[in-house]
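I opened a new page for this one and wanted to see how its pieces sit against each other. My notes follow in the order I looked things up.

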Amino acid sequence: MNAPTALAALSLALRERLLGGGAAVLPGLGTLARAHVPARVEARPDGSRALLPPGETVRLSAPEGDPSPLAALVVRHLGAPQADPTAALQAVLDHLEARLAATGEATLAGLGTFERTSGGVRFLPDAALLA
């Protein structure tokens, strides 16, 4: 499987899992989950303050839970129903890790961007995922 195919399948599987309300465990990387952001007051550069409405975001936290629901979705989106789900998920994550190692970031269409930082990996969700 080539990197573009693998990353496209991962993006579709992650979107499906997150939009369905589930968390997505990425072994060795973390767990992606939707999170509520409460209303808050933000200070503006001109000294004024603005009330920001509540919303949602997607956060990357320490890996916890069972990766098999995501693995099954990856196999389905790869179109490889006979593949071992655990091995398929690991192969896809290897492509993601390779992209992070080579460029410092990996953008998954319709999902967001993983960025390697000095403190580890962070995730920046695509606005379309939160709409």
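Predicted model: local features only at pLDDT ≥ 70, side-chain atom pairs only at ≥ 80, totals over all residues.

Residues are numbered from 1 along each chain as its sequence is written, and side-chain values use heavy atoms, with hydrogens and water left out.

**Aromatic pair.** I found one aromatic pair in the structure (ring centres within 6.5 Å, using the six-membered ring for Trp; planes under 30 degrees apart are stacked, over 60 edge-to-face, the rest tilted). Phe-114 and Phe-123 make up this tilted pair, 4.9 Å centre to centre with 55° between the planes.

**Sheet.** Next I looked at an open sheet of three strands, ordered β6-β7-β8 with antiparallel pairing. Strands here are DSSP E runs of at least two residues, helices are H or I runs of at least four, and both are numbered from the N terminus; strands pair if DSSP finds at least two bridges between them. β6 (105–108) and β8 (120–125) are the edge strands with a single partner each, so one side of each has no neighbour in the sheet. I counted four bridges between β6 and β7 (residues 112–117), in the antiparallel sense. Thr-107 has Thr-113 in β7 as its bridge partner. Helix α3 packs on the sheet and touches β6, β7 and β8 (contact means heavy atoms within 4.5 Å).

**Helices on α3.** How do α2 and α3 pack, and at what angle? Helix α2 (residues 68–78) meets α3 at about 80°, with the axes 8 Å apart (lines fitted to C-alpha atoms over the stretch in contact; angles run from 0 to 180 degrees between N-to-C directions). That makes α2 roughly perpendicular to α3 (65 to 115 degrees; under 35 is roughly parallel, over 145 roughly antiparallel, the rest oblique). I sorted the residues of this contact into 10 nonpolar, one polar and no charged (Ala, Val, Leu, Ile, Met, Phe, Trp, Tyr, Cys and Pro are nonpolar; Asp, Glu, Lys and Arg charged; the others, Gly among them, polar).

Last, I checked α1 (residues 3–19) against α3 (residues 85–103): about 110°, axes 9 Å apart. α1 is therefore roughly perpendicular to α3.
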